[in-house]
Amino acid sequence: MTTLLSMTRRNIKLFFHDKGLFFTSLITPLILLVLYVSFLGNVYKDSIMAFFPEGITVSERIVDSVAVGQLISSILSVSCVTVAFCSNMLMVQDKVTGAALDIAVTPVKRAYLSLSYYIATYVSTSIICITATLVCLAYANAMNSYIGFREAVLLLSDVLILAMLGTAVSSIINFFLSSQGQISAVGSMVSSTYGFVSGAYMPISQFSPVLQKIISLLPGTYGTSLMRNHAIASTLDVMEAEGIPTEIVEAIRDGFDLNIYFFGNRVGVGGMYAVLLLTVLLLIVIYVVINCTCKKVRK
Amino acid sequence: MKNIIEIQNLTKTYGSLTAVDNLSFKVKEGELFAFLGVNGAGKSTTINIMCSALAKDSGSVIINGNNIDTDSDKVKNDIGVVFQSSVLDKSLTVLDNLQSRGALYSLHGKELRQRIDEVARLLDFSDLLKRTVGKLSGGQRRRIDVARALLHKPKILILDEPTTGLDPQTRSLLWKVISNLQKSENMTVFLTTHYMEEAADADYVVILDGGKISADGTPYELKTKWARDTLTLYGVDTESVEGLGIPFERLGDGYKLYVSSPHETKTIVIENGFDDFELAKGKMDDVFLAVTGRELLGGDGK
Ligand SMILES: Nc1ncnc2c1ncn2[C@@H]1O[C@H](COP(=O)(O)OP(=O)(O)OP(=O)(O)O)[C@@H](O)[C@H]1O
Ligand SMILES: [Mg+2]
């Protein structure tokens with residue numbers, strides 16, 4: 001146990017010694033925020049207005065609040081995974097510097113070693129993503145959105161869960177890589193595709209039915225949807241309280257992926273948590289097992 | 001004396017290249033064992049296999065009675081290794097490095113800290129503990145590498161070209177520390193080096209070429225077999241040297257003759273009544289060159 005702690009401490013220290021790495025990882029979500037706000041803000045608002053038939057009026061604050069919720073849930077769900085990929089490089093770096101060789105000649109258990117990499121990456125990813133979330137929440141607050149304290153806490157916890165998922169996936173992939181170049185390549189591949197396949201860039205409801213089915217098999221989708229719920233649902237409650245017909249509110253829930261369907265069955269928020277946590281657990285087990293079975297360092 | 005390392009028919013290939021080729025040898029407990037060979041002979045590969053960092057193709061390696069295939073954890077506790085190139089974390093301090101590596105041997109807290117202070121005193125780097133490893137000089141870093149290998153008090157210390165690129169002071173400090181440990185703890189030292197004068201002090205020498213042993217023995221045996229003694233005669237004229245019928249070279253004031261045995265020397269000196277002469281045993285350098293049939297390509301200092 002002390003060994004695990006000590007290794008984790010080493011890994012975290014190595015991460016934060018590279019100040020450039022920390023700031024570049026942090027800057028990615030912030031750039032996303034700026035881009036979304038400047039280019040997609042109005043697109044989002046228009047897509048919300050489209051749900052309201054003529055004759056029904058809705059306050060500007062509500063429309064803005066839905067747009068903001070949509071925006072920050074998109075950014076955060078993508079960031080958790082891409083940041084994990086950016087910051088999960090120590091395992092590969094150790095292979096390059098020879099530290100992995102030095103560790104391989106010690107009697108340390110591979111399970112501890114692999115967990116120490118996992119935890120260290122998780123900690124640094126979380127620190128970055130939490131910082132980004134606070135910035136997003138400050139933006140939401142400035143826009144006078146309906147995201148309250150409860151929603152903010154839930155969003156922060158979603159970020160922590162998604163960071164676990166991102167760290168687990170990147171750890172498994174990075175286990176098979178052996179150079180910095182490969183990491184960057186995989187990192188940019190993931191950043192460019194993850195937003196689509198998790199429904200963060202475009203609502204899943206706008207994809208073709210076949211694609212929707214495929215996407216519903218990927219756990220990241222449920223992470224995005226969970227965040228959508230926590231970022232938008234409170235505004236929808238206000239909408240209902242203001243007398244907007246339930247059918248319209250329900251249509252918005254479907255259209256913005258607050259409701260998500262697994263082969264026709266609606267998956268509730270509890271189900272989303274279950275999918276995410278079980279996937280994380282399963283991935284960590286897979287990660288540790290591959291580490292334990294591939295014992296020797298090939299140099 | 002028991003054998004602390006027993007290697008049988010060890011083979012390792014990289015694609016079509018056979019780096020270690022059916023290699024077998026033994027190392028006795030407490031001895032200084034020199035493992036020599038030209039660049040690319042397979043020394044580092046053998047070492048990596050011995051400390052379970054690299055998978056072998058076939059053969060068996062027994063270290064202190066434990067097979068590396070079945071008891072690798074025990075083996076790892078018995079071995080301390082200084083790699084050819086430094087493998088510490090360059091952006092961390094010396095202390096951080098030693099602490100995180102010590103933890104891998106389940107050394108923690110006070111016990112570890114005491115051990116670190118002990119090796120720091122031994123290798124004279126107490127003043128460097130707070131410095132960043134990446135900013136140390138090559139020789140300073142090498143001492144930390146050795147300290148890292150000694151942290152868990154291994155029974156066997158493996159040194160892969162430990163002294164390449166070091167100044168004479170650091171070299172002699174390292175050797176003093178290592179030979180003290182060898183004597184006081186009966187530690188076995190497994191050494192790879194390109195400095196033949198270091199190998200000359202070894203108890204046993206193996207010379208590797210293309211992954212195979214091309215010669216082995218004590219330095220004395222090797223010198224006797226592979227290197228000719230030289231007899232230098234002074235105060236004689238060229239004719240009398242020519243008259244001996246032995247190949248010679250003119251060297252300043254004297255004549256250098258290659259003789260095959262001390263016995264031959266005795267005969268030459270006595271029969272001809274030479275009274276100013278110098279007899280030198282063959283050197284390990286000569287042995288190495290004769291065995292490998294190639295020029296020795298110095299260390300590639302890293
Ligand atoms: N990872 C690898 N992949 C392919 N070939 C390798 C690898 N590692 C070593 N070799 C080859 O195996 C042979 C033995 O290498 P090794 O490093 O054991 O030599 P060495 O005796 O330690 O040499 P040196 O004195 O230069 O350190 C060399 O021909 C080398 O090119
Ligand atoms: Mg080598």
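The model is a predicted one, so local features need pLDDT of at least 70 and side-chain atom pairs count only at pLDDT 80 or more, while totals for chains, interfaces and linings use all residues. Residues are numbered from 1 along each chain as its sequence is written, chains are lettered from A and ligands numbered from 1 in the order in which they are written, and side-chain values use heavy atoms, with hydrogens and water left out.

Chain B splits into domain 1 (3–218) and domain 2 (228–280), with bounds that come from an automatic or database domain assignment. The C-alpha centres of these two domains of chain B are 43 Å apart.

Turning to the metal, the magnesium ion (ligand 2) has Ser44(B), through OG, and Gln84(B), through OE1, as its protein donors, at 1.9 to 2.2 Å. Donors here are N, O and S atoms within 2.8 Å of the metal (3.2 Å for Na, K and Ca), and water is not among the atoms, so sites may look incomplete. The pair brings together distant parts of the chain, 40 residues apart: Ser44(B) belongs to helix α1 (residues 43–50) of chain B, and Gln84(B) to the loop between β6 (79–82) and α3 (94–103) of chain B. Helices (H or I, at least four residues) and strands (E, at least two) are DSSP runs, numbered from the N terminus. With a relative accessible area of 23%, Ser44(B) is partly exposed, given that buried means under 20%, exposed over 50% and partly exposed in between (1.4 Å probe, protein chains only).

As for nonpolar packing, the largest core holds 89 residues, and Phe52(A), Ile72(A) and Met239(A) have the most contacts inside it. Its largest share, 14 residues, is supplied by helix α3 (residues 60–87) of chain A. Such a core is a set of buried Ala, Val, Leu, Ile, Met, Phe, Trp, Tyr and Cys residues joined through side-chain atoms within 4.5 Å. Neighbours within four places in sequence aside, Ile72(A) is in contact (heavy atoms within 4.5 Å) with Cys136(A), Tyr139(A), Ala140(A), Ile147(A), Leu155(A) and Ala231(A). A separate core of 84 residues includes Ile63(B), Leu136(B), Ile156(B) and Ala199(B).

Thr224(A), in helix α10 (residues 219–241) of chain A, is buried, at 2% relative accessibility. Not counting residues up to four places away in sequence, Thr224(A) touches Ser77(A), Ser198(A), Gly199(A) and Ala200(A).

Rings of Phe, Tyr and Trp (its six-membered ring) pair if their centres lie within 6.5 Å, and planes under 30 degrees apart count as stacked, over 60 as edge-to-face and the rest as tilted. Tyr118(A) and Tyr122(A) are a stacked pair, 6.5 Å centre to centre with 10 degrees between the planes. Both lie in helix α6 (residues 110–142) of chain A, four residues apart, or about one turn of the helix. Tyr118(A) is buried at 5%, as is Tyr122(A) at 16%. Phe35(B) and Phe190(B) pair up tilted, with 5.1 Å between centres and 50 degrees between planes. Those two belong to a single aromatic cluster along with Phe25(B), Phe33(B) and Tyr204(B).
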